[in-house]
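Visitor: Could you walk me through this model? I would like to begin with its pockets.

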Amino acid sequence: MSSNQPEQRLGIMSAMVEEVESLLSELSNHTSEVHGKRTYHKGRLFNTVDVVIVFSRWGKVAAAATTAILIERYNCKEIIFTGVAGGVQHGLNVGDVVVANRLVQHDMNATPIFKRFEIPLLGVTEFPTSECRRDQLIKAANTFVAAADGTGLNTMTTEEQRHKFHIAKPKVITGLAASGDKFFASKADLDQLRNDLPECTCVEMEGAAVAQVCHEH
């Protein structure tokens, strides 16, 4: 009996092309399509799961538009957003991994109509991530940074690179991630973010927008 149900896939997004290139080389049955100036790569990742991988471009609008296509056109029921973030929590270093347990848009401010950080008409300030997927990602990240069998960080990077960026014993944590259309280039701005969001671990420019679109679907 044939089914009219569309095939379900896992969506994987990043905001820099370099962050998806290594995954593309691991795709079997690889095909690609262009929609809205973005290339969506379909295939089977590590011969395990059917995925759509895409470089979203920078910023919340770009990420939201890409997420909507993953959901509406490719029937992605889960989306993993991955990439580089800036450390906010004291003690974080280059090479450390943050797996977000919730996300907030640090530049959302519709006061006095709504409270600070609240998304208008949704009544929420933060978007939680999947507990099951979060636990899996934490386990995988811990395995990656500790592996010495040719599959981990020491294989993916050179000793020179690790020395250059002072990567010695990277750690994996979970916590609040903040997103917004701003690049933090000054200590004053970073201190203000820490004051506004004391529980924030890291900051980037897309994740909470991805989470909002998923929440609304």
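Visitor: What volume does the second largest pocket have?

Guide: The second largest pocket has a volume of about 400 Å³. A pocket here is an open set of points on a 1 Å grid over the protein atoms alone, where a 1.4 Å probe fits, with protein on both sides within 12 Å along at least five of seven lines. Grid points are joined across faces, edges and corners, and the volume is the space filled by probe spheres set on the points. This is a predicted model, in which local features need pLDDT of at least 70 and side-chain atom pairs count only at pLDDT 80 or more, while totals for chains, interfaces and linings use all residues. Residues are numbered from 1 along each chain as its sequence is written, and side-chain values use heavy atoms, with hydrogens and water left out.

Visitor: How do the lining residues divide into nonpolar, polar and charged?

Guide: The lining holds 11 nonpolar, 5 polar and 4 charged residues. Ala, Val, Leu, Ile, Met, Phe, Trp, Tyr, Cys and Pro count as nonpolar, Asp, Glu, Lys and Arg as charged, and the others, Gly among them, as polar.

Visitor: In what order do the strands of the open sheet with β6 and β10 run?

Guide: The order is β6-β10-β9-β7-β8, 5 strands with mixed pairing. Two strands pair if DSSP finds at least two bridges between them. β6 and β8 (127-128) each have a single partner strand, so one side of each lacks a neighbour in the sheet.

Visitor: And how many bridges join β7 to β8?

Guide: Strand β7 (residues 97-105) and β8 are antiparallel and share 2 bridges. Leu103 has Phe127 in β8 as its bridge partner.

Visitor: Changing topic, is Gln212 buried or exposed?

Guide: Gln212 is buried, with 18% relative accessibility; buried means under 20% relative accessible area, exposed over 50%, and partly exposed in between (1.4 Å probe, protein chains only). Gln212 belongs to helix α7 (residues 207-216).

Visitor: What is Gln212 in contact with, beyond its neighbours within four places in sequence?

Guide: Gln105, Ile119, Leu122 and Phe127, where contact means heavy atoms within 4.5 Å.

Definitions and conventions:
Helices (H or I, at least four residues) and strands (E, at least two) are DSSP runs, numbered from the N terminus. On a 1 Å grid over the protein atoms alone, a cavity is a set of points where a 1.4 Å probe fits but cannot get out, and a pocket is an open set with protein on both sides within 12 Å along at least five of seven lines; lining residues have an atom within 4 Å of a point.
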